[in-house]
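Please keep the sequence and the model in view while reading.

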Amino acid sequence: MAEKTAERKTIVVVGLGMVGIAFIEKLLDLDTAHKYRIVTCGEETHLAYNRVALTEYFQHRNIEKLYLNPADWYAKQDPALFSFHVGETVASLDHASRSVTTDKGRTIAYDHCVLATGSDAALPSYTDLSIPGAFVYRNISDVNKLLEYAEKGEMKDCSAVVLGGGLLGLEAAKAVYDLPSVKNVTIIHRQAFPLSRQLDAQGGEIVLRRIEAMGVTFLGSTSMKRVITNDNGAVSGLELVDGSTVECSLVVFAIGISPRDDVARTAGLACAPRGGIVVDDHLQTSAPDVYAIGECASWKNNTYGLIAPGIEMADILAFNFTQARTEIGTFQLRQMNTPDLSTKLKLMGVDVASFGDYLAEQRIRTTASRPAKEGPVQEAVASAATKPHDASAPKKRHGAAAAADGPVEALTYRDPFAGVYKKYIFSADGKYLLGGMMVGDTSDYVKLVALVKKKKPLDAVPSQFILGSRAGQDDSGADLDDDAQICSCHNVSKGRIVQCIRDGAESVADVKTKTKAGSGCGGCVPLLTNIVQAELKKAGVAVSNNLCPHFAMTRADLFNVIKIKKLKTMPAIMEAAGTHPNALGCEVCKPAVGSILSSLWNEHIMDPAHHANQDTNDRFLGNIQRNGTFSVVPRVPAGEITPDKLVVLGQVAKKYGLYTKITGGQRVDLFGAEKADLPSIWKELVDAGFESGHAYGKALRTVKSCVGTSWCRYGIGDSVGLAIQLEERYKGIRSPHKFKGGVSGCVRECAEAQGKDFGLIATDKGWNIYVCGNGGANPRHATILATDVPPSRVIRILDRFVMYYIRTADKLMRTARWLESMEGGIEKLRRVLLDDELGICADLERDMDELVGTYFDEWKAVVNDQERQRKFRQFVNTDERVPQTEMIVQRGQTRPADWSKDTAPLVLRETDIASPKEQWQWRKVATVHDLTPTDSGTTTGPMHKRNYDLTSGACLNDDSYGIIPFQVRVDGEDLSLLLPDKGDLDAVIGTSKWMVRQATTELLSKTTESAVEIVGPSDAILTGEPQACGSGTSCGGGKLDW
């Protein structure tokens, strides 16, 4: 009775060789949904073993050392998912009844059948393996027979011949050479030099020298005619085609392979004339649901005797069974492409490798030497030249494709003394590496194969691949001249920074204070930090990586302390880990602690316990703009948006007079929102199904995507579906710095994924994962972390990456700088995230699952909380609003008037107020309930991040600025300030007084006067009239006392 399990589909694998077990392993690994049950039969009595290592078996004679998986691996498999039968051969296939029958009478029903029957040794027509002393070299049984015969007493000091000087022939020759009973070994080969399919004559000559140095005889450019036998009918010699003879007692045939397609032929499946089961690009045979992989398969009339193409076929088929449709979307079925025939082996004690189109020079030379045929072909070409252009015709090939078809140049290195030969084939312009061969030294093999596969222009001149290049330099700025501009905002050169260190500065903060470098946009801070640390090291000053003076540890260490001790507020953290338990923190550590708390516990950042830790953008859940208004960026996962939602965005923008712009992250940015309007704007967006896009936070911004398989005819992967899932998963997650993602559905890379903190690009084998790229002031191309990742594995690898970055990066460190500063770089990151070198992958995944589970929409939380909404008033003691900048119309939209680039610093003093302080009065201005109380004695200007002492009004990190502090008195719930009359106060600090207007900005910019002070202290300043000193006004010849 046929075996069949109803719950799952059954896949019968015919053959338990290297390719068969590879398919089984891959399917079990990828079939996380447990959709399939695998049944396999292997004709050998052994479990799957490494046939490539047969030579080693001659030494240890232990088959278990060759097993690809130990016996207990089979025992540990769930029998409901995998069962196997060894020593049992599938004798027939009935694709009509969808079943196979074994030589033991077992019939197994299947839903899918995979033929992995391998190959037999190819033999000349005159060969008779029944002759004693004649052997092949294919499997353990063949080797055991050879060993048994060679160990007979009469075989002592015998001579052996190996027929074939290719890969298999040299493997067999080495095995026979190591037999104690064999005295002499001869290799007979049709070509003039060994490995003629992998090497050219010069490379083959190096191998030949090494072979002959071992005492092995090589007879090239000849072949065998017949086997000579003695009176006992055993092998005694060989006759060659030239009539000469070679004495021997052993002959091993290793001239090639022949696909095993007998079961398929008997079943009526289509087979190739030269042997092999015909398969299409998806490896399906002529019978439905029957597939063939490995050496038995004939794809486009080619069969492959190397293991790599067989493993590739197993990979393709397992992928198509399990990954074409998963929970993260669909993926185009993988197809068979021309396989990579690169090989790297140790043969006869010699390291040999070939990769890419290693015979391109010979191939092109042969093609070029063929004479052109006269007749119809030439006439057709001439006719085609007169036809009009056809837009649907194949396009001209460019890049690597064109280079592969065009002229080539070769670089050759030959060292006969060391037995080293290298030949690398490049395109004629030197931009592409096409292939090569190596003998003796194959250390660069992996790197060069990768370069060929990438098919991208080289970033080094060809000579460097032979001669080498000097090691790369770090990003310490050591190669920059002293006049190189480091900070463009304040025009600070490297020389000025260096001099600042020499003058006594001991930290980045010191340099910032003295030079203003890094106090503008902040884009130069990473390079500034590196230069300062390098110069401090030169000066013998110990460089500290502490978070700030309040914490004598790095951000990563503080993260672990907070996590392990489960600390949830700034006071608790300061008490447990701060240098001063009662300290309040600073503008460096407070945002860093706020980020860590959000990354661990994800409580709302507007909660009283956390609000004071946030930067301005986070405090009000929007990006503050140069006129004090905010931008609103709702989340649009992967850039996919419905027409209805687009209409809502337009309606909200019109209602609140907002400037609209499409962002580079495929979202719509609404600029000019007044702080008091933010909750109302959010409510309308939330009601329409939008959420916060977190454009204001050090968090995930966007996951950009192309249209992928949704629309694009080139799409391979569902880039939109995957990007949406990733953005929905990581939305709201706080990190050391902002991070972005990108997903491209094919190698055309329309989503620019290689410029993102994490990026995915679909290939025909899965997803390539790139990490640690970014744009900005210091752009960095992303580095590939993993290639051909199955769709079902992508999210877990990214979970590990993001969480490891959150755990270990320094404050305000982008992923690019994080990787650059990581000891061991990308290789270290691969070991941690892919190989689980630290044993933390499960922890990283669990932490991410917990963090993702805490998500809530921060905008919606404000919309539903009247108390939080009170914090969005422009003034805490009134609902009145006063514009701060004139709005102008440009290209049909409103925007703030320009603020002159020549803006000068400003120090406001109490003496600027006309009335003397003794005339001031206590005036009630607010209640305690109106404010968010803080124990801090400083405040930070939201737009310029300058700290001011609330007692003196002095700017603590820039003495070019100052504010006027006023005394405060608390009477129960009432707050009173000691203030002058309203008119005197408004004359100095009135909001309308400092309004920025376009006309006066243009006027002052022309005369290089400050454009900040537009309407005061008096109109006379603008007209150039002389001003008298006194009465609280400032002297300065028509200018403010900046």
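## Overall composition

The structure is a predicted model. The protein contains 33 helices and 45 strands. Of its 1042 residues, 47% count as buried.

Among the contacts in the protein with a separation of 6 or more, 63% are made by residues 24 or more positions apart.

Five bridges join strand 13 to strand 14 (residues 235-240) in the antiparallel sense. Within this arrangement, V227 has L238 in strand 14 as its bridge partner.

Strand 41 pairs with strand 45 (residues 974-979) in the antiparallel sense over six bridges, and Q921 stands opposite L979 in strand 45.

## A parallel pair and a covered helix

Strand 10 (residues 158-163) and strand 11 (residues 182-188) pair in the parallel sense, over six bridges. Across this pairing, S159 stands opposite N184 in strand 11. Strand 10 is mostly covered, with five of its six residues buried.

Helix 5 (residues 167-177) is likewise mostly covered, since nine of its 11 residues are buried. The buried residues of helix 5 include L167, L168, G169 and L170. E171, A172, A173, A175 and V176 in helix 5 are buried as well.

## Salt bridges

Side chains of opposite charge can pair when their charged atoms come close. A search of the whole structure finds 59 salt bridges. In one of them, the side chains of R793 and D29 meet at 2.3 Å, N to O. This pair links distant parts of the chain, with R793 in helix 25 and D29 in helix 1 (residues 18-30), 764 residues apart. R793 counts as partly exposed because its relative accessibility is 28%, and D29 is also partly exposed, with a relative accessible area of 42%.

In a further salt bridge, the closest N and O atoms of D261 and R265 are 3.1 Å apart. D261 has 9% relative accessibility and therefore counts as buried, whereas R265 is partly exposed at 42%. The side chains of K422 and D441 also meet in a salt bridge, at 3.1 Å from N to O. K422 lies in strand 26 (residues 420-427) and D441 in the loop between strand 27 (433-439) and helix 12 (445-454), so the pair ties together parts that are 19 residues apart in sequence. K422 is buried, with a relative accessible area of 11%, while D441 counts as partly exposed at 27% relative accessibility. Elsewhere, R729, R796, D799, R800, E845 and D849 are linked in a network of salt bridges.

## Two residues in loops

D810 is located in the loop between helix 25 (791-808) and helix 26 (815-821). Although buried, D810 has no salt bridge. The nearest side chain of opposite charge belongs to K811, 4.3 Å away, and a salt bridge requires the nitrogen and the carboxyl oxygen to lie within 4 Å. When residues up to four places away in sequence are not counted, D810 touches N545, R555 and P736.

H604 belongs to the loop between helix 19 (589-600) and helix 20 (608-611). Is H604 buried or exposed? Its relative accessibility is 4%, so H604 counts as buried. The side chain of H604 reaches the backbone nitrogen of M606 at 3.0 Å. Leaving aside neighbours within four places in sequence, H604 is in contact with H610, L621, F856, E858, A861, V862 and R868.

Conventions. Residues are numbered from 1 along each chain as its sequence is written. This is a predicted model: local features need pLDDT of at least 70, side-chain atom pairs count only at pLDDT 80 or more; totals for chains, interfaces and linings use all residues. Side-chain values use heavy atoms; hydrogens and water are left out. Helices (H or I, at least four residues) and strands (E, at least two) are DSSP runs, numbered from the N terminus. Buried means under 20% relative accessible area, exposed over 50%, partly exposed in between (1.4 Å probe, protein chains only). Lys and Arg count as positive and Asp and Glu as negative; His and the chain ends are not counted. Contact means heavy atoms within 4.5 Å. Two strands pair if DSSP finds at least two bridges between them. A polar contact is a pair of N or O atoms within 3.5 Å; within protein, one must be able to donate a hydrogen and the other to accept it, and residues adjacent in sequence count only if both atoms are side-chain atoms.
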